[in-house]
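Subject: The two-chain model

Hi,

Here is the structure I promised to pass on. Have a look at it first, then read my notes below.

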Amino acid sequence: MSLLEIRNLHASINGKEILKGVDLTINKGEVHAVMGPNGNGKSTLASVIAGKDNFEVTQGEIIYQGKNLFDLSIDQRAAEGIFLGFQYPVEIPGVSISNFMKTAINEQRKYKGLDPIPTFEFMKLMEEKKKIVELDSKLANRSVNEGFSGGEKKKNEIFQMAMLNPTLSILDETDSGLDIDALRIVAAGVNALRSKENSTILITHYQRLLDYIVPDFVHVLYEGKIVKTGPKELALELEEKGYEWLKYE
Amino acid sequence: MNGLNMNSFKKATRPKEDDFAGFSCNIPQLITYRINQFNGFFFETKDSSLAINNGTIVCSMEAAKQKYSSILEEKNIKDLSLYEEGLFIYVPKNAQIDLPLQILDVIKAEDSILINSKSVIIIGENSKLKLICCDDTVNDKSSISENTLQIFLEDNSSLEYYKMENINNSSSIFTQTNFILASNASLTTFWLSINGGNIRNSLNVSFEGEHSKAELYGLYLADRDQKVLNEVSVTHNRPNCNSAQLYKGILDDSAEAEFKGHIHVGKNAYLTEATQNNKNILLTDKARVNTQPFLEIYNDDVKCSHGATIGQLDQSAMFYMRSRGITERSAKMLLMYAFCNEVLSKASLQELKDKLQDIIKRRLHGELTSCENCVLVCNNPCESMDVDITKIN
């Protein structure tokens, strides 16, 4: 059974159709890159999987681990192992990262019928995962994303991903706004978390990220549909020929 | 207006001492000098005679009129005949009080009562005082409490003033507090309106010396059809003084709040720095806020700002939190708590801050009972419950 199966997904916002029949199958352990020009539905696809409710799904279905995803609320999807790394992480003044993470972990545990995580275990986990993305210890006591640089925000996304240990991670334009050093750290973090049990969807419009995180498949999302799927070399071809090339294919 | 039919309210009479025997309030880990006021009347206790050997006076206004009339005259307090109930606190020059003073203002009505107290507090030169003032009803009977308070801060003195209003839904509290600051004085106030049918606070700060500063923080939480009004007026008539106001509120159900802020900068008040900020969250369509920030400036060489916001909980933050597995209810709680904590975090008394954070959390959960109406841990038996069931799950 595949981990995620998207069938003929149509979604619109304010009556405007953005996704026009997306089909995508993801198996455990795979990394999929979804590429395409801006404004063609990449972020919408990520938001619909995560459950953002300002999108209206008009057709199609998403089956995740045998469950109809549309039956689950945003937080239930997260507790079921879906993680969305935001393109623009949100600042939450007054909520410290450690408080935020502890609440998230405990609520996910509650969903699974587990007791709250013991404090010392949580502290240990924080220390361990901070190292993966070289997150400054001082940042962990600050409010979530408040006053963080672009790079720090993205590192914080990967840090959260490491803490929550998701089954399916969707990283929406994780490379945008990153300098080359931050990109390397973020990519190393993602690679360190790769396993046979979990899968990743990388949403990007540059090939650059894929030098560091090598995907198993590359998909091109164009005008609301996946128009092309290929091996990692497809990304290079796109880089060389540009998205314009797709129009003539 | 709620319950303002004066005719149905009787003036409070002096309660019997044993009416309140056994009443005690504690803030865990925080030791304070306790001053008890019941229905506006000062009650002598072991603490209130103050085992402070520095000449600090704590007594009723009635006693002060006889014993300390010269001090009152010096402060030009008029209409002394009107001062019946109420407190007199005098901290002499160069005095350090090791512990905070805690005034427990307990309202226990058998019937609808009207409480009227006028108090005077004087903090002498170079002295420091931390004052915690808790207004609590201990049953669900209606009451109206009117408190007038004059506080004088002499040169180089400092005051941290914490006010907690936590009364039942059928009670009203009206406060009028005037702070008069001499030179180099430092004032910080926390005004927390935690619960109450009808709350009106009028706070005035007047700078009569130079290089003084006032930080005024307020937090109000109201639900059902509660009403809260905060009128904050700061008068800068002398140069080189700073003032900052930060008032925040969350309103649920059909609660109403009003903030009227006024900064007056006089002609001579050059180099004044004054800010004013009021932020509100409305949780329902029926809740209402009226905010009126107001600056009146007659000098060019000043730095002043004001701002007011009214909004809902940040939806993008809600989505972000929920995408991490935090339920909608918890995400709301975290956001509301963070909103309140911007005010609470400024409190310098750590033990009190912990307690306040706990109280605010419980208030946001809708857990407040009339017994726990008491801001502090109350050992009184609970006579009636006033839990809003709809807010608990």
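A salt bridge here is a side-chain nitrogen of Lys or Arg within 4 Å of a carboxyl oxygen of Asp or Glu. Across the interface of chain A and chain B, the rule finds two of them.

Some housekeeping: this is a predicted model, where local features need pLDDT of at least 70 and side-chain atom pairs count only at pLDDT 80 or more, while totals for chains, interfaces and linings use all residues. Residues are numbered from 1 along each chain as its sequence is written, chains are lettered from A and ligands numbered from 1 in the order in which they are written, and side-chain values use heavy atoms, leaving out hydrogens and water.

Back to the interface. On the chain A side, 28 residues are in contact (heavy atoms within 4.5 Å) with 16 residues of chain B. The area buried between the two chains is about 1,900 Å², and carbon and sulfur atoms give 67% of that. Buried area is the accessible area (1.4 Å probe) that two parts lose on being put together, summed over both. Of the area that chain A buries against chain B, 28% comes from Ile74(A), Asp75(A) and Glu107(A), more than from any other three residues.

There are also ten residue pairs in polar contact between chain A and chain B, both residues being at pLDDT 80 or more. A polar contact is a pair of N or O atoms within 3.5 Å; within protein, one must be able to donate a hydrogen and the other to accept it, and residues adjacent in sequence count only if both atoms are side-chain atoms.

Inside chain B, look up Gln102(B), which sits in strand 7 (residues 101-107). Is Gln102(B) buried or exposed? Its relative accessibility is 1%, so Gln102(B) counts as buried (under 20% relative accessible area; exposed is over 50%, partly exposed in between, with a 1.4 Å probe and protein chains only). The side chains of Gln102(B) and Arg34(B) are joined by a polar contact of 3.4 Å.

One caution about confidence. Chain B has a mean pLDDT (the predictor's confidence in each residue, from 0 to 100) of 85, but over residues 369-393 of chain B pLDDT stays under 50. Where pLDDT is low, the predicted coordinates should not be read in detail.

Cheers

Methods. Helix = DSSP H or I, 4+ residues; strand = E, 2+ residues; numbered from the N terminus.
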